[in-house]
Amino acid sequence: MRLKTSLLKEPKHRELVSCVGWTSTDELYSCSDDHHILRWNLLTNDTSVLVKLQDQIYPIDLHWLPKSVSGKKQAGAELFALTSTDGKLHLVSKSGRVEKSVEAHRGAVLAGRWNHDGTALITAGEDGQLKIWSKSGMLRSTLAQQGTPVYSVAWAPDSGRVLYTSGRQLVVKPLQPSAKVLQWKAHDGVVLKVDWSAVNDLILSGGEDCKYKVWDSYGRPLFSSSAHDYPVTAVAWAPDGELFAMGSFHTLRLCDKTGWSYSLEKPSTGSLFSLAWSADGTQLAGACGNGHVLFAHVVEQRWEWRNFEITLMKRRTMQVRNVLNDAVDVLEFRDRVIKASLAHGHLVVTTSLQCYVYSAKNWNTPLIFDLKEGTVSLIVQAERHFLLVDGAEVFVYSYEGRLVSSPKSPGMRMDILNSQSISLSNDTIAIRDTSDERVVFLFEAQTGKAIGDGKPLIHKIEVVFVALDQCGSSNDRRIALIDKNHDLYLTSVRTLGRAHSIHKIGSMVDTMAWNDSANILCGIQDSRFTVWYYPSVVFVDKDLLPKTIFTKDSSEFSHPPQMVSYEGTQVTVRRVDGSLVCTAVSPYPSLLHEYTGSGRWEDALRICRFAKDQMLWSCLAGLAMANRELSTAEVAYAAIGKIDKVQYINFIKDLPSRDSCLAHILLFSGHVQEAEATLLQANLNYHAIQIHINLYNWDRALELAVKYKTHVDTVLAHRQKFLQDFGKQETNKRFLQYSEGVEVDWEKIQAKIEMEFAMEREKAANSSVRSSVSIRR
């Protein structure tokens, strides 16, 4: 990927250009020390003078009022803020008329920025003050005052905090007066420019030490560049938060969000004082010290999937290359390509007006449909359908171009979703809330309605990464979460009225990815490459989880790496320097998932015996218990030496009725309440009571015995024996109350228990006879 730059032969401005701003994807305004504001039309290549400012106005910064709030068009947004050296803030209409000028600072007003919803404007001055203004230009408050000039300022994604420069330091100050201020030393020279991405919540800074740096919102350093030849005078995040641009003297660099550089251009621009991205993120404009306005657009983006490599050659042209036979196809588009995604055998391309869907089997006849907004910021693909974030809404389409659903959640800013905050599978959509990051909304992909009772999944702390598994039935769908503490959790999506049971399966996890053909999860955990061969085993037998995890040293990936894909048996990881590293994973676990998913249990046993691997046997044990395949589970548990579990499985197999068998399988997995409910529903009240006696849940056992008026003496007898064995006296008031009127006779109790088992065997025999008769009929 690189920037293709263009400059006119002769500059249109006579003096240095101080700031630029896009009015639309094809129109730009530029301001210069020659007091002119020029309008640039990129469709017709025309340049015209919009207005000549007064001679005492030397512009410094220009920022357009956001045209959309949460992706929705905003009325009266044809206005921009212009700051100047005479200490004034000017509000200027699109036609160039100065609507209002206010005395803002003593000395130059060095920066002016609207917040994300356009309700407030902040200015930073040479006098060291930060002031907040209303949309109409009325002073609301002075946020901060310091002894050094504030060269640059940026709003937080929630517009509740402000980032500004203070000499060599960066300061994050909340708007609430009592909130804590965050401050840290950022550069070895004066910090000249900052930017804060609304999508990825990362901070970008450039300074006189000739370096640019990337920080998280807590001021922790994520990347620091090597020193350039000249100070970094401009930095700007792309709208989707995946890229940023950095400008210096005769230097323009395109970088990934993690800091590494895609390309370095050396245009004859002098110093780049300001950089601005177009709203669709495909074009960049720069204000140049020699009077030029620099234009650049992103080309040579690459997408890879299996044996296909696709490259964006020009704005409207893509090249498809099959690396197996070197066949090349060229795809032409009517409009400029904005976003593209390649996965699951399909290429999805969005332009400013339309969406193109190509099948990897046929590149000649795409399916084309019109977009509603035309401002697609994200594409996410699953096997059966794909998702577009278009303006303020999320749309799910089939690969035939049919609109499947459009999930909605009130108050959520869909326009700042990224690939880590949204996930799609064949039947489920998971979206992390943009206002409360502990909340994850779960929707049905087919209808767009909330899953179950409509309650979202709420984690105890902020979630940074969500990912749905891609295979299996919708009832077995799992979602993996990485939270702010880098802990990895797994939970079920469909809980059938129960509360979400969240299981921690890893810690110090930086990144993760699900396999595309089996529910296998990989990640980088505590600087080790880790593969969870069967993560859902935590819902079946927690003891097996450590036995199903494969780890190896990940020093080859550097720190922190980023998972790009996990397809088949190959994991692709991007190192911190931008290079891609591939590593292979054993093919046996994928085969095991395939065999067990299709009921080929003999083949599953055969592959485990062939591989002679304890991890595979552990996976098979968990898969067999999850599918209630007791004979296979017995063999697998025996192979890993879990004799106690083999005995319990044999006990389950000998149970007379199907209901008691199912209940004990649930009990095996630790689901006590479900096991109890199953037995009570089948009128096996004694078995439900006996479960709690075996687990020493005395209160619940007595509660059930009293409720169903049966086996109260059995509970009291076992309680007395338990206390005698440990040499203790009864102190529980309920047991003291019932023991007064009940006589314990072990012989009678034993006879009642035998009668219960006899009745259960008779009931099971009658049901089997009835089923065989119905089959004959």
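Predicted model: local features only at pLDDT ≥ 70, side-chain atom pairs only at ≥ 80, totals over all residues.
**Entry 1: helix 2 and helix 3**

Next I looked up where they sit: helix 2 covers residues 601–611 and helix 3 covers residues 614–626. Their axes come within 9 Å, and the crossing angle is roughly 160 degrees. Angles over 145 count as roughly antiparallel, so I noted helix 2 as roughly antiparallel to helix 3.

Then I went through the side of each helix that makes the contact. From helix 2 I listed W601, A604, L605, I607, C608, R609 and A611. Helix 3 answers with L616, W617, L620, L623 and A624. Sorting this contact by class gave me 11 nonpolar residues, no polar ones and 1 charged.

**Entry 2: helix 7 and helix 8**

I moved on to helix 7, residues 672–681, and helix 8, residues 685–694. Here the axes come within 7 Å and cross at roughly 160 degrees. Helix 7 and helix 8 are therefore roughly antiparallel to each other. I checked the hand as well, and the crossing of helix 7 and helix 8 is left-handed.

Which residues of helix 7 meet helix 8? I wrote down V672, A675, E676, L679 and L680. Their partners in helix 8 are N685, H687, A688, I691 and H692. The class count for the contact of helix 7 with helix 8 came out as 6 nonpolar, 3 polar and 1 charged.

Definitions and conventions. Residues numbered from 1 in each chain as written. Heavy atoms only, no water. Axes fitted to C-alpha atoms, helices over the stretch in contact; angles between N-to-C directions. Helix = DSSP H or I, 4+ residues; strand = E, 2+ residues; numbered from the N terminus. Parallel < 35°, antiparallel > 145°, perpendicular 65-115°, else oblique. Left-handed = near helix turned anticlockwise from the far one by under 90°. Contact = heavy atoms within 4.5 Å. Nonpolar A, V, L, I, M, F, W, Y, C, P; charged D, E, K, R; others polar.
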